[in-house]
Amino acid sequence: MLAGPAEHDFSLLAGSPCIDAGHPGASYNDPDGSRSDIGALPFMPPEYICGDADGSAVLNILDVTYLINFLYKSGPEPEPMAAGDADGDGGLNILDVTHLIRYLYKDGETPLCPEK
Ligand SMILES: [Ca+2]
Ligand SMILES: [Ca+2]
């Protein structure tokens with residue numbers, strides 16, 4: 001599960017079984033402190049703020065509209081998709097929109113995106 005072997009991109013995809021499957025010794029750990037990965041390049045998960053669907057680095061009503069636009073108006077998808085999964089159930093739907101609105105305006109739970 002490599003990103004683009006045909007283009008000689010040997011970085012690991014997020015679901016690769018090589019992630020955290022390398023030498024267990026702490027001195028071999030990846031730069032992010034996790035167990036080493038098998039392969040030439042350690043997997044570095046994309047940095048994002050949970051709920052920041054539009055990638056603006058702040059959470060606000062624009063993330064709500066971005067999600068609605070993606071879900072119902074064929075708008076661009078959140079990058080990465082996990083950033084829009086505000087309720088952390090692994091999928092993107094109206095419940096993520098309501099979770100974000102509750103967080104922003106109703107003292108609701110902090111967005112709970114899946115583990116990065
Ligand atoms: Ca945002
Ligand atoms: Ca969700």
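**Fold and layout**

Tutor: The chain has two helices and two strands. This is a predicted model.

Student: In what pattern do they come along the sequence?

Tutor: The pattern is β-β-α-α.

Student: What radius of gyration does the chain have, against a compact globule?

Tutor: The chain has 17 Å, whereas a compact globule of 116 residues would be near 13 Å. Along the principal axes, the C-alpha atoms fill a box of roughly 45 × 30 × 20 Å.

Student: How is the chain divided into domains?

Tutor: Domain 1 covers 1–45 and domain 2 covers 46–116. Taken over C-alpha atoms, their centres are separated by 27 Å.

Student: And what percentage of the residues count as buried?

Tutor: 25% of the 116 residues. On contacts with a separation of 6 or more, 40% come from residues 24 or more positions apart.

Student: Switching to α1. What span should it have, and what does the model give?

Tutor: Helix α1 has twelve residues, 61–72, so at 1.5 Å a residue it should span 16 Å. The end C-alpha atoms are 16 Å apart, which agrees.

Student: Which residues of α1 are buried?

Tutor: Asp 63, Val 64, Tyr 66, Leu 67 and Phe 70. They sit on the same side of α1, because they cover an arc of only 165° around the axis.

Student: Why would residues three or four places apart point the same way?

Tutor: An α-helix has 3.6 residues a turn, so residues at that spacing point the same way.

Student: What do the buried residues of α1 pack against?

Tutor: They pack against α2, residues 94–105.

Student: And which exposed residues are on the face turned away?

Tutor: Ile 61 and Tyr 72.

Student: Now the largest nonpolar core. Which residues are in it?

Tutor: It has twelve residues. Cys 50, Ala 53, Val 64, Tyr 66, Leu 67, Phe 70, Ala 83, Ala 86, Val 97, Leu 100, Tyr 103 and Cys 113 make it up. The largest share, four residues, comes from α1.

Student: Pick out Tyr 103. What is it in contact with, leaving aside neighbours within four places in sequence?

Tutor: Tyr 103 is in contact with Gly 51, Gly 108, Glu 109, Thr 110 and Pro 111.

Student: Backbone next. Where is the cis peptide bond?

Tutor: It joins Glu 79 and Pro 80, with omega about -5°. Pro 80 is in the loop between α1 and α2.

Student: What is phi for Ser 74?

Tutor: Phi of Ser 74 is positive, about 55°, although the residue is not a glycine. Ser 74 also lies in the loop between α1 and α2.

Student: Is Ser 74 buried or exposed?

Tutor: Exposed. Ser 74 has 8 C-beta neighbours inside 10 Å, and a residue with 12 or fewer counts as exposed.

Student: What about Ala 57, where is its phi?

Tutor: Near 75°, a positive value in a residue other than glycine. Ala 57 is in the loop between β2 and α1. It is exposed, with 9 other C-beta atoms within 10 Å.

Student: Last one: Pro 31. Where is it found?

Tutor: Pro 31 is in the loop between β2 (9–12) and α1. It is exposed, with 7 other C-beta atoms within 10 Å.

Student: How far is Pro 31 from Phe 43, by C-alpha atoms?

Tutor: They are separated by 9.7 Å, and are twelve residues apart along the chain.

Conventions:
Residues are numbered from 1 along each chain as its sequence is written. Chains are lettered from A and ligands numbered from 1 in the order in which they are written. This is a predicted model: local features need pLDDT of at least 70, side-chain atom pairs count only at pLDDT 80 or more; totals for chains, interfaces and linings use all residues. The radius of gyration is taken over C-alpha atoms; the globule rule is 2.2 Å times the number of residues to the power 0.38. A residue is buried if 20 or more other C-beta atoms lie within 10 Å of its own, exposed if 12 or fewer, and partly exposed in between; C-beta atoms are placed from the backbone. Two residues are in contact if their C-beta atoms, placed from the backbone, lie within 7 Å. The expected span of a helix is 1.5 Å times one less than its number of residues. The arc is that of the directions from the helix axis to the C-beta atoms. Domain bounds come from an automatic or database domain assignment. A nonpolar core is a set of buried Ala, Val, Leu, Ile, Met, Phe, Trp, Tyr and Cys residues joined through C-beta atoms within 7 Å.
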